[in-house]
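Have a look at the protein below before you read on.

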Amino acid sequence: MHAPRFHVRSYGDAWGGDRHAYAQWVLPLHGELQFELDGHAARLDALQGVFVAPGETHDQVGQGSNQHVIIDCDAAWFDDHTLEHLRGQRWLSLPQALRTSLQALPAGSSGEHLLPLLLQAFAPDGSGARLQALCARIQSAPGEAWPVERMARLAGLSSSHLHARFLRELGLPPQAWLSALRLRWARHLLRSTQVPISTVAQLAGYSEQSALSRALRRETGLTPSMWRHQSP
């Protein structure tokens, strides 16, 4: 069994599928990445990475200037329980401590010190497992209603404890994290589909199209229509 291998990599604007016998973590340093994994697609950015299980077909295309930490781990490096847990999670809500470590990565470093943080956050026995399970549930249905009370109930926490846990581990209150997730999902749909903008807003959990327009303008300065037409 080989030790985990660490790389820093940038991706171009052309698709090129891949599949390998080892597991892989993909963690954004800067920029964005359109990522497709076994037929499921999402956008990676400063708040979201991905875990690719051994044998999973995946593809990616860079969105402008981008750089990512890639960690390759042999399948034998995981026990079956951990590997199945990570396979079911896939899209990773990156904890604040991990994001801080990524941003502070020294020039020339490949990020060997990141693996303990990843396991603490995402392995089934790690301290962040309960919160990550909730995040994965929300990511699977961002268009549903997600009041804090519902999140807290699913996580088995009080609303105040959930709020504190989000701030401590993700660096954002629950509703701010949810807003970022919904906007990321809407941007992905606008870029990768021709679904009507009103439907995109509904699927991403916005009360109306104008709410999506306001959120996208705040982040990018563009309307949904402008964002779609300027995207490759």
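Here is a short tour, from the whole chain down to single residues.

First, some ground rules: this is a predicted model, where local features need pLDDT of at least 70, side-chain atom pairs count only at pLDDT 80 or more, and totals for chains, interfaces and linings use all residues. Residues are numbered from 1 along each chain as its sequence is written, and side-chain values use heavy atoms, with hydrogens and water left out.

**The whole chain**

The protein chain has 10 helices and six strands; these are DSSP runs numbered from the N terminus, with helices being H or I of at least four residues and strands E of at least two. Its C-alpha trace spans about 55 × 45 × 30 Å along the principal axes. Of the 232 residues, 52% count as buried, where buried means under 20% relative accessible area, exposed over 50%, and partly exposed in between (1.4 Å probe, protein chains only). Take the contacts (heavy atoms within 4.5 Å) between residues at least 6 apart in sequence: 71% of them join residues at least 24 apart.

**Inside the protein**

In soluble globular proteins, nonpolar side chains tend to be buried together. A nonpolar core here is a set of buried Ala, Val, Leu, Ile, Met, Phe, Trp, Tyr and Cys residues joined through side-chain atoms within 4.5 Å. Which members of the largest core touch the most others? They are W25, F51, I71 and F122, out of 23 residues in that core. At least two core residues come from each of β2 (23-37), β5 (58-73), α1 (80-89), α2 (96-103) and α3 (114-122). Helix α3 gives the largest share, five residues. Another core, of 16 residues, lies apart from this one and includes I138, A152, L157 and L178.

**A buried proline**

P174 sits in helix α7 (residues 174-192) and is buried, because its relative accessible area is 1%. Beyond its neighbours within four places in sequence, P174 is in contact with V148, M151, L162, H163 and F166.

Most residues other than glycine have a negative phi.

| Residue | Phi | Relative accessibility |
|---|---|---|
| D38 | about 45° | 36%, partly exposed |
| R90 | near 60° | 17%, buried |
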